[in-house]
Amino acid sequence: MVLALCAFGISVTAYSQERAAMQKVKAAPLKDVFGDKFYMGVAINRNQANGTDKKAQAILSSQFNSISPENDMKWEKIHPAKNTYDFKHADAYVDFGIKNKMFVIGHTLIWHSQTPDWVFEDSNGKPLSREALLTVMKDHITTVVTRYKGKISGWDVVNEAFNEDGTFRQSKWFTIIGEDFIEKAFEYAHAADPKAELYYNDYNVYKTAKRAGILKLVQKLKAANIAITAVGEQGHYNLSNPPVSEVESVITDFAALNIITNFTELDISVLPDKDANLTADVSTKETYNAKYNPYTKSLPDAVLKSLAKRYADLFKVFVKHSDTVSRITFWGLTDGDSWLNDFPMPGRTNYPLLYDRKYNEKTEVINFIKSTL
Ligand code: XIL
């Protein structure tokens, strides 16, 4: 090998220097390797935030410099009843991030899912008027954002407001308030913490029709001088879909509007899908069928290799566009934590993340990712 390199004019010293540099990169934590490109984030669960899961905390604090709360800041958790806020778990999450000097994300202020029915109803169970629902929205956003002012650096203000064809999802937010519920949510969040970054977040932004709707929204927000920092493409992908060229189009299309793209919930399912159409719509439910659960004991080496290659192909694009990509967040730390074990089909054994069920890093995957630099 060395002789061959010498024959091409690369000296033995240069070769070994290169090798040593590569070894150093491989040994460095993810957050340092990509430190000057983008934040390396991960969604964490309650036990990881409060320290019950100590093994996870050690990995989180050494490898990642941004966190998102997988569930504990969603409306049903933080504001379960009209006059009841419950900040216990959200506080533990934020404290963990601040203690570790992380870029702490708030997920999510306005969403159709994991939001209790009372939000949209009066005391007789009748739908609220537009004005009354705006008051509920303002109270929620102001209370939550103010509590974490200066601690949470970026908020998913609105999550999943579009259908796959680029029209507005007929959520209760949309049907009661109208399409400006998005503008209002951004205004209330900005008023509560003018320094916080504000995001619109969704899945399948790589789909052209859906993206067209979101691009229009961003143009409208910008024209109205409403602060929006970035669009989050969730990034719930599989081994073959979407093609990286479509992922790249997300970044370049928003960059043309001077908007950053973050990949906010990245995971790659390695299992065969019943429905070839990728979706992250949490209401999708399929009945268990063993045919779609082929790796119950362990992940075959060939599939691990495909996972490594797939992650590396995506990271090549992220690195190429790191001037307009500022965060990559994985949706979970270990395979055992992943929501994809139960979505869209409950009871499967999936392997979508960077750490296995025993908290061991998938060295092959991580090294491949690091080698994209
Ligand atoms: C998921 C969580 O991971 C699950 O634990 C929960 O049961 C449902 O929600 N899009 C989002 C995330 O924005 O909040 C969802 O998280 C996954 C899809």
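**Helix packing and ligand surroundings**

Helix 13 passes helix 14 in a right-handed crossing, that is, with the near helix turned clockwise from the far one by less than a right angle. The model is a predicted one, in which local features need pLDDT of at least 70 and side-chain atom pairs count only at pLDDT 80 or more, while totals for chains, interfaces and linings use all residues. Residues are numbered from 1 along each chain as its sequence is written, and side-chain values use heavy atoms, leaving out hydrogens and water.

The axes of helix 13 (residues 301-320) and helix 14 (residues 363-370) come within 8 Å and cross at roughly 20 degrees; helices here are DSSP runs (H or I, at least four residues) numbered from the N terminus, and axes are lines fitted to C-alpha atoms over the stretch in contact, with angles from 0 to 180 degrees between N-to-C directions. The two helices are therefore roughly parallel to each other (angles under 35 degrees). Contact (heavy atoms within 4.5 Å) involves residues including L304, L307 and F315 of helix 13 and F368 and I369 of helix 14.

A right-handed crossing is also found where helix 8 passes helix 10. Here the axes of helix 8 (residues 130-147) and helix 10 (residues 181-192) come within 9 Å and cross at roughly 35 degrees.

Among the polar contacts (pairs of N or O atoms within 3.5 Å), a polar side-chain atom of K74 lies 2.7 Å from a ligand oxygen atom. For N71, a polar side-chain atom is 2.9 Å from an oxygen atom of the ligand.

Key: Parallel < 35°, antiparallel > 145°, perpendicular 65-115°, else oblique. Polar contact = N/O pair within 3.5 Å; in protein donor to acceptor, adjacent residues only side chain to side chain.
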